[in-house]
Amino acid sequence: MANSPQARKRARLNEIQRKHNAGQRSRARTFIKKVETELNKGNAEGAREAFREMEPVLDSSVNKGIFAKNKVARHKSRLNARIKALQSA
């Protein structure tokens, strides 16, 4: 339990930031799911468009410290490979 005024304030601010970060994570995951939905439908053009919308959201989440850089790079790479495979098929 936080006893000093500074510690109580940090606890309050940490809770606010935790809720904000949770919203940002959820938003990024939603964009990923949109791409995956288009891929599962077999819609390469729709998946490409959803990917274009997803990229800046994920990149900004890295800058904000929501996700690790390599995690975002891995997701982008795998989704892009699936889009390219769908386009060539």
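Visitor: How many aromatic pairs does the structure hold?
Guide: A pair here means ring centres of Phe, Tyr or Trp (its six-membered ring) within 6.5 Å, with planes under 30 degrees apart counted as stacked, over 60 as edge-to-face and the rest as tilted. This is a predicted model, where local features need pLDDT of at least 70, side-chain atom pairs count only at pLDDT 80 or more, and totals for chains, interfaces and linings use all residues. Residues are numbered from 1 along each chain as its sequence is written, and side-chain values use heavy atoms, with hydrogens and water left out. The number of aromatic pairs is zero.

Visitor: Which residue lies over the face of Phe31?
Guide: For a charge to sit over a ring, NZ of Lys or CZ of Arg must be within 6 Å of the ring centre and within 35 degrees of the ring normal. At 4.8 Å from the ring centre of Phe31, the residue is Lys34.

Visitor: How many salt bridges are there?
Guide: Look for a side-chain nitrogen of Lys or Arg within 4 Å of a carboxyl oxygen of Asp or Glu. Among them is Glu15 with Arg18, at 2.6 Å from N to O; another joins Glu49 and Arg52, with the closest N and O atoms 3.1 Å apart. The structure's count is four.

Visitor: Which helix holds both Glu49 and Arg52?
Guide: Helices are DSSP runs (H or I, at least four residues; strands are E, at least two), numbered from the N terminus. Glu49 and Arg52 sit three residues apart, about one turn of the helix, and the helix spanning residues 44-63 is H2.

Visitor: Which residue forms a salt bridge with Lys76?
Guide: The closest N and O atoms of this salt bridge are 2.8 Å apart, and the partner of Lys76 is Asp59. The pair links distant parts of the chain, 17 residues apart, with Lys76 in helix H3 and its partner in helix H2. Setting aside neighbours within four places in sequence, Lys76 also has contacts (heavy atoms within 4.5 Å) that include Phe51 and Leu58. So the salt-bridge partner asked for is Asp59.

Visitor: Is Lys76 buried or exposed?
Guide: The cut-offs are under 20% relative accessible area for buried, over 50% for exposed, and partly exposed in between (1.4 Å probe, protein chains only). Asp59 is partly exposed because its relative accessibility is 33%. Lys76 has 18% relative accessibility, so Lys76 counts as buried.
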